[in-house]
Amino acid sequence: MFNLYQNTIFLANTDYKYQELAVITASNPDGVTRTRRFNHWLDCHFISFLQRHQFRHFWVFAGSRDLNHYEYSAIVDCSLNDAQHIAKAFRQKAFYWLDNECYLYDTKRIGSAHSSLGEISPRWFNNPWAYNKMIEDYHYARSTTGTVRPISSAS
């Protein structure tokens, strides 16, 4: 699983500003693929959690280079310790820590990074058009999950 994490890219609608931030998702807890509906429910709780605890955040998509798999994720302005607690609360196996470089942390072992993934710039894609398309698809997929039915050919 950590091999997948190590190849992740981030799709955003803003340039990356170098400061210490975490990238955390609520999707697919414990590394188990969940339904879109369940992940949407988790996303709603994640958003509420970040707002309730007043963590400054903005949204990115973290996923594979070909974007066949992506997860709605938050860039969270918090300490490394807070990042670990947030990721654990949402039962994530890992999270990213960004400063001048990108680090992958195992939520169970915070003492040192699982791996250093190098500079963030090769992983960070500022493409507002693509980001907005993904947001549209994300909202459409979440709002129609389980509600799309085939149209009967008999009329």
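This is a predicted model: local features need pLDDT of at least 70, side-chain atom pairs count only at pLDDT 80 or more; totals for chains, interfaces and linings use all residues.
Residues are numbered from 1 along each chain as its sequence is written, and side-chain values use heavy atoms, with hydrogens and water left out.

Let's start with the sheet. Eight strands form an open sheet in the order 7-6-5-2-4-3-1-8, with mixed pairing; strands (E, at least two residues) and helices (H or I, at least four) are DSSP runs numbered from the N terminus, and two strands pair if DSSP finds at least two bridges between them. Strand 7 (115-119) and strand 8 (124-126) sit at the edges with a single partner strand each, so one side of each has no neighbour in the sheet. Strand 3 (residues 57-63) pairs with strand 4 (residues 70-76) in the antiparallel sense over seven bridges, and His 57 stands opposite Val 76 in strand 4.

Now for helix 3. Within this helix, Ala 83, Gln 84, Ile 86 and Ala 87 are buried (under 20% relative accessible area, with exposed over 50% and partly exposed in between; 1.4 Å probe, protein chains only). Their cover includes strand 2, helix 2 (36-52), strand 4 and strand 5. After helix 3 comes Arg 91, with a positive phi near 55°.

What about the cysteines? The structure has zero disulfides (a disulfide being a pair of cysteine sulfur atoms within 2.5 Å). Cys 44 is partly exposed at 37% relative accessible area, while Cys 102 is buried at 0%.

Notes
Contact means heavy atoms within 4.5 Å.
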